[in-house]
Amino acid sequence: MTRPSISFLGFGAALPERVRTSFDPVFDRIREEARAQGLSEASLFYGNREHRCLAPGESLAALTAKAGTAALEDAGVRPEQVDRLYGYVSVSEFITPNELYAVHRQVGLGSHAMVVPVQAEFANFVMGAVLAWEAMLAGHSERALVAVGAGWTRNVDHAQGHAFGIGDGAGAAVLGPGERLVLVDYAVDTFSAEYGSMTMRPRPESGFDKPVYGLEPALGLSSFLNSGMDGPPRLVERLLRKHGLSGADITLISHQATRKLLDHWNEKIRPREYLHTLEDCGNMALASIPVTLARHHRELRTKYLVLFGIGIGAHQMALLVRV
């Protein structure tokens, strides 16, 4: 039995207007630590000259809905034609429910559309696309919207190195039957021994009663330097080898935490092209991949595209797409 071709039909992105540059005084402590301590968290995160930040009172759900509406318009799909909404809004207004339900309302999706929050930072978009694809192959869905929004500038400690690149933004994609940007296969790795190495939690020891992201002292840095750096090349190589492909056959769009990771992954995977938005958007956590797709999807020059997400479960996910 021939499986139907399920494709990305359209993309959308939305960014806050407020811009913070890498020279902002809020990062002075990080720069001082990077100069003074050699190999440290502060020395690992670099490569962006600016990023966007949500203004006080600005709604992340509204920004995510704006990206979702743009994706529907790009795909030529009406809201009532969508039967599933996958994705995540992070950090959400409430612990539960996730603000993806507010996105459903603001985009104008019908009551028949199932909302599926995918809590899998930072691989939410890739995992949402795979789940949508599987539902369509099973005959339970015809068109899906995957929408993710990241507002982590509100939930970091700006004395910690990873905060240097964190930026806010939202991205979305529509999936359905099509012949361009066809989903082909995916591969996953789960490193549950690293559970708790990176977390979003209150940190009263540092003066934060609200949830704040951080690399935990015992495992965070070692997870970054080991599975974080070398896991993605192994996973992508495994997926490509299964289909008789190499890095020279693909365009790569990945998680974008820091230039250190991008340069290392580029050296190991050796894609023909590597697209990112790190320099002017920073690390948008779960939104970097769809924002990059929205910006560059009409410029793809290779026959295949690989999307790679990395998460703090810890987990990694690579999706192969035929252009």
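Reader: Why is F122 called buried?

Author: The relative accessible area of F122 is 10%, and buried means under 20%, so F122 is classed as buried. The model is a predicted one, and the value is computed from it.

Reader: What makes Y213 a buried residue?

Author: Y213 has a relative accessibility of 6%. The cut-off is under 20%, and Y213 therefore counts as buried.

Reader: How many aromatic pairs does the ring rule give, and why is the pair of F122 and Y213 called edge-to-face?

Author: The count comes to nine aromatic pairs. In the pair of F122 and Y213, the centres are 6.0 Å apart and the planes stand at 70 degrees.

Reader: Why is helix α10 described as largely enclosed?

Author: Seven of the nine residues of helix α10 (residues 288-296) are buried, so the rest of the structure largely encloses this helix. The buried residues are S288, I289, P290, V291, T292, L293 and H296. Their cover includes β1 (6-14), α5, β6 (144-150), β7 (169-177), β11 (250-254) and β13.

Reader: Which residues lie nearest the centre of the largest pocket, and how do its lining residues divide?

Author: Y88, S90, Q119, E121 and M200 lie nearest the centre, and 18 residues form the lining. Two or more lining residues come from each of β4 (84-90) and β9 (198-203). The lining comprises 10 nonpolar, six polar and two charged residues. The space in this pocket is about 430 Å³.

Reader: What is the omega angle of the cis peptide bond between S90 and V91, and where does V91 lie?

Author: Omega is about 10 degrees. V91 lies in the loop between β4 and α4 (100-107). Another cis peptide bond joins G313 and A314, with omega of about 5 degrees.

Reader: Is L181 buried or exposed, and is R270 buried or exposed?

Author: L181 has a relative accessible area of 2%, under the 20% limit, and is therefore buried. R270 stands at 60%, over the 50% limit, and therefore counts as exposed. The phi of L181 is near 55 degrees, a positive value in a residue other than glycine. R270, likewise not a glycine, has a positive phi of about 55 degrees. L181 is in the loop between β7 and β8 (182-190), and R270 is in the loop between α8 and β12 (273-274).

Notes:
Residues numbered from 1 in each chain as written. Predicted model: local features only at pLDDT ≥ 70, side-chain atom pairs only at ≥ 80, totals over all residues. Heavy atoms only, no water. Phe/Tyr/Trp six-rings, centres within 6.5 Å; stacked < 30°, edge-to-face > 60°. Buried < 20%, exposed > 50% of the residue type's maximum accessible area, 1.4 Å probe, protein only. Helix = DSSP H or I, 4+ residues; strand = E, 2+ residues; numbered from the N terminus. Contact = heavy atoms within 4.5 Å. 1 Å grid on protein atoms, 1.4 Å probe; cavity = no way out; pocket = protein on both sides within 12 Å on 5 of 7 lines; lining within 4 Å. Points joined across faces, edges and corners; volume = space filled by probe spheres on them. Nonpolar A, V, L, I, M, F, W, Y, C, P; charged D, E, K, R; others polar.
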